[in-house]
Amino acid sequence: MAVPTGTLHLAAAIDGDGQYQAPYYVELARLAEDGMLDFITLDDTFGPPGPGRGRLDALAVLARVAPATGRIGLVPTVTTTHTEPFHVSSAVATLDWVSRGRAGWRVEVSATEAEARLVGRRPAAPAGELWAEAGEVADVVARLWDSWEDDAEIRDTATGRFIDRDKLHYVDFEGAHFSVRGPAIVPRPPQGRPVVAVAATDPVTWQTAARHADVVYLRATSPEEAGRIRDELKRRAVAHGREPGALTVLAAVAVDLADGEGAPGNAPPVALADTPGGPPLYRGGPAGLAELITGWHTADAVDGFHITPVAPRHDLERFVNGTVALLQHRGLFRTFYPGATLRDHLGLSRPASRYALEREATR
């Protein structure tokens, strides 16, 4: 049997249609943290909810979850199409501060006329154009985070100086879709740059994912297919001047763990069902899911999995206490958090401010 070459990473969605109370999200976040998962995600969209299915702002919800948890990463979906990059930068930086370095954000776009009408600023645009714009947003957001050097805030009461003005920088970004001068109004986040995730489940997203993402989710029903997509994403990342290891690639899988338990034994390999418009579906028991994850990880197809429970409370509990426990028993997944930040969990170093490096280089 092949030996996995890297750390296994696991994440889970805690979505809840029609859930408006904080305890629901706190309960699921704490459950995921008990399993030592890298991070949780909370989806969001500008799309109109269905009857009886309202939606809370994902970033605000996870800001409420932050003080009720201690280690797990918090990754809300943030739509870039009808929002200002400056506001995205401030909001995600704030989440990183209140979580003490556990924030990320999943870049998403709004592609429908219905979403455009809700906001009323502009008509819908082709997906390729929207993802090019999303790439610009990710770029300028990172520049705004860098616009405060780490030691820019001095709080010198004797002189009345709050900041060292030489350590604040204009970003002067001019792109095809907007311009931003900066600097940010929120000090540099604890992680330097909170983690950027992209659901690279459609080729139209791949360029943006390869250039800007730290974490990508891919859509595949076999380890061979996943490996091909991962290799393509890493090839594109290298073409943008990045290291191949800069991307953490997770397979997106919906899980329905309502079926029976039992060890797989000599049963045939566990398969994923293709589902139009959503992630592939696993239906079975926690042990079978552990076999699937082990097989894909051993084959070095992906770096881990992003799990979407079909029934959030039930399936997440069985995933943590069944599947994750088996993976931990096999020595494939952590039994404690070795670090405090989301970048720590993912094995990502804390980047220096690009403007601090430029200033040092001119000395």
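1. R155 is exposed, with a relative accessible area of 56% (exposed means over 50%, buried under 20%, partly exposed in between, using a 1.4 Å probe and protein chains only). R155 forms a salt bridge with E153 (a side-chain nitrogen of Lys or Arg within 4 Å of a carboxyl oxygen of Asp or Glu). Their closest N and O atoms are 2.6 Å apart. E153 is partly exposed, at 28% relative accessibility.

2. A word on the model. It is predicted, so local features need pLDDT of at least 70 and side-chain atom pairs count only at pLDDT 80 or more, while totals for chains, interfaces and linings use all residues. Residues are numbered from 1 along each chain as its sequence is written, and side-chain values use heavy atoms, leaving out hydrogens and water.

3. How many salt bridges does the rule give? The count is 23. Side chains of opposite charge can pair when their charged atoms come close.

4. D38 and R334 also pair, with N to O at 3.2 Å. They sit 296 residues apart: D38 in the loop between α1 (22-34) and β2 (39-42), R334 in the loop between α9 (312-329) and α10 (342-346). Helices (H or I, at least four residues) and strands (E, at least two) are DSSP runs, numbered from the N terminus. D38 is buried at 0%. R334 is buried at 15%.

5. D146 forms a salt bridge with R188, at 2.8 Å between the closest N and O atoms. D146 lies in helix α5 (residues 127-146), and R188 lies 42 residues apart from it, in the loop between β8 (179-180) and β9 (195-199). Are they buried or exposed? D146 is buried at 0%, and R188 is buried at 5%.

6. D146 and R188 belong to a network of salt bridges. D150, R193, R350 and R354 are linked in it too.
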